[in-house]
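Hi everyone, thanks for making time. I'd like to walk you through a structure that may be new to you, so let's get it up on the screen.

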Amino acid sequence: MATSTTPPRLDRRAASSTPPRAPRRVGFSQNLGRWDVKLSPYLYISPFFILFGVTGLFPLIYTAWVSMHDWHLIAGQGDFVGLKNFGYVLQEPNFWKAIRNTFSIFLISTIPQLMIAIVLAALLDANLRAKTFWRMGVLLPYVVAPVAVSLIFGRLFADQTGIINTILKDIGLNPIGWHSQVFPSHVAIATMVNFRWTGYNTLILLAAMQAIPRDLYEAAVIDGASRVRQFFSITVPMLRPTIIFVVITSTIGGLQIFDEPRLFDQLGQGGPSRQWMTATMYIYEVGWGNQKSFGRAAAVAWILFLIIVVVGLINFSLTKRIASDNTSKSRKKVRR
């Protein structure tokens, strides 16, 4: 049976003579779906950045604007003075006293606080009876109002009728001038800070300890490691990210301390010679005290902000270097 075939040339001409197919138009719903996939993640995280811009970034920029003006508490905005407020503040003796007191109280309170918090977290992570009771008990000082804590410890550390000085007299020691001397006043305020914030940091470290795999401890017990060796060889290295977080947050909070030193006595001025006045107390004194200068107070606030940033970067670099050194040592041990 013979079949007729069309020559290839005719097929090509027919194909070339047909009009090209128009491209398919993308509907609005498809475009909307693409936009949803691309923009949804940014919309989900936008509330944080909006709140940060309103409550954090804008006040920071506005404080810088105020610091460059002769801004009075009652009279309002004055002339533009540039960096004159910064120069005035850096020449004030009380400013350097406040910086010295801030770092002194920060070091005395933060270092013992973190050490005690790690030990308490390790004890609470052990097999204890009534775990919930002890964990809630550790957090109770954080719930107490700072005013109540300051009033109680102010009576404990009173120079004349304080309980601590009374005990020192009974055992034959000389009383300590908790409100009249520089270092004892810093120790008293640091004790209040440790009383309030140790439990808070303890629960953060405890949560991180509970996330450590228990297989590591079981393997350590099989190898014959004691509890102390397990703590320093397993617990502390696994807590390194959490310790870095606690150190940074404690640094920010410690350099902004205000409640405890403000309420340490009835006047709230940091002592007669400003022996325990902190940087934030100095901001309050300059802005709402006799000077009533918002411009100088804003300058002090910006200086404190820069100090916190520098100290935070130093802490970050040190902890990162320590972490890298420990990682390199562990790699060398594995190679051996």
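This is a predicted model: local features need pLDDT of at least 70, side-chain atom pairs count only at pLDDT 80 or more; totals for chains, interfaces and linings use all residues.

**A first look**

Okay, so the protein has 14 helices and zero strands, where helices are DSSP runs of H or I with at least four residues, strands are E runs of at least two, and numbering starts at the N terminus.

Residues are numbered from 1 along each chain as its sequence is written, and side-chain values use heavy atoms, with hydrogens and water left out.

Of the 336 residues, 32% are buried; buried means under 20% relative accessible area, exposed is over 50%, and partly exposed is in between, using a 1.4 Å probe and protein chains only. Now contacts, meaning heavy atoms within 4.5 Å. Among those between residues at least 6 apart in sequence, 65% join residues at least 24 apart.

Next, a helix pair. How do α4 and α11 pack? Helix α4, residues 93-125, and helix α11, residues 240-254, sit at an angle of about 150° with their axes 10 Å apart. The axes are lines fitted to C-alpha atoms over the stretch in contact, and angles run from 0 to 180 degrees between N-to-C directions. That makes the two helices roughly antiparallel, since the label applies to angles over 145 degrees. The residues that meet include Phe-106 and Leu-114 in α4, and Ile-243 and Val-247 in α11. By class, this contact has six nonpolar, six polar and no charged residues. Nonpolar here covers Ala, Val, Leu, Ile, Met, Phe, Trp, Tyr, Cys and Pro; charged is Asp, Glu, Lys and Arg; the others, Gly among them, are polar.

Now look at the loop between α12 (259-262) and α13 (279-288), where you'll find Phe-264. Is Phe-264 buried or exposed? It's buried, at 2% relative accessible area. Phe-264 touches, among others, Phe-157, Trp-178, Met-192 and Trp-276, leaving aside residues up to four places away in sequence. Phe-264 and Arg-155 are 109 residues apart in sequence, yet 9.2 Å apart C-alpha to C-alpha.

Arg-274 is in the loop between α12 and α13 too. Its phi is near 60°, a positive value in a residue other than glycine, and Arg-274 counts as buried at 15%.

Terms used: Angles under 35 degrees count as roughly parallel, over 145 as roughly antiparallel, 65 to 115 as roughly perpendicular and the rest as oblique.
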